[in-house]
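Hello,

Here is the structure I promised to pass on. My notes follow below it.

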Amino acid sequence: MTGAAAEDRARGRWDARRYDEGFAFIWERGADLLGLLAPRPGERVVDLGCGTGHLTRAIADAGADVLGIDASPEMVAQARRNYPDLRFAVGDARDLRLDAPVDAVFSNAVLHWVPEPERVAASLSRALVPGGRLVLEMGARGNVGAIVAAVEAALAAHGHRPRPGDNPWYFPSVGEEASVLERHGLETRLALLFDRPTLLEGGEDGLRRWLEMFAGSF
């Protein structure tokens, strides 16, 4: 990644084409969540943090009326190129702006990027009709812990002091996240903590590519 590209990622901008080409495991593994969502024909669903739209497509194929929302204009632009027949919009998980509440919100590998969980939970609660469903996957406490520790040690060895925002992630425990959701009227029916070891593509460059894509803020 060039210096300019790394700066883009640090500012929250994504290389959507590179994401599509090299990090398919993110949406491929997230496809298992669709069984929990069980979208039904005619249901109104938001795919929150839709990325480049692949799981939005799967939800639409089940017959649901789905809107893909992502904070990244680059991701939304790529999603529209991938699936021009679907609806996508740029939006903020902390302040979802919808025409009307929806039947379900689906979110895969997104909310650990938003370190304001109370605002997110309040936004999700407003977005759902009474009795609506929230199905989400996110990193939990300890996720990529060895990588973060190694990066921080390398930075320290070169004389860099930690700065607010260097670590871009929010990784709660199951209990912490369930409590946040319940404070905003979202009843937790099922919460699972599980290990998901992931073999990175790219051989010896796999970790470097992962850091360039996701850890630019460091």
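**What turned up**

Leu 36 counts as exposed because its relative accessibility is 52% (buried means under 20% relative accessible area, exposed over 50%, partly exposed in between, with a 1.4 Å probe and protein chains only). This is a predicted model, where local features need pLDDT of at least 70, side-chain atom pairs count only at pLDDT 80 or more, and totals for chains, interfaces and linings use all residues. Residues are numbered from 1 along each chain as its sequence is written, and side-chain values use heavy atoms, leaving out hydrogens and water.

Leu 36 sits in helix 4 (residues 33-37); helices are DSSP runs of H or I with at least four residues, strands are runs of E with at least two, and both are numbered from the N terminus.

Two alanines have a positive phi. Ala 38, in the loop between helix 4 and strand 1 (44-48), has a phi near 45 degrees. Its relative accessible area is 39%, so Ala 38 is partly exposed. Ala 109 lies in the loop between strand 4 (102-108) and helix 7, and its phi is about 55 degrees. With a relative accessible area of 19%, Ala 109 is buried. For context, most residues other than glycine have a negative phi.

Then there is the lining of the largest cavity. Helix 7 (117-127) and helix 9 (174-183) each supply at least two of its residues, and helix 7 gives the largest share, four residues.

Best wishes
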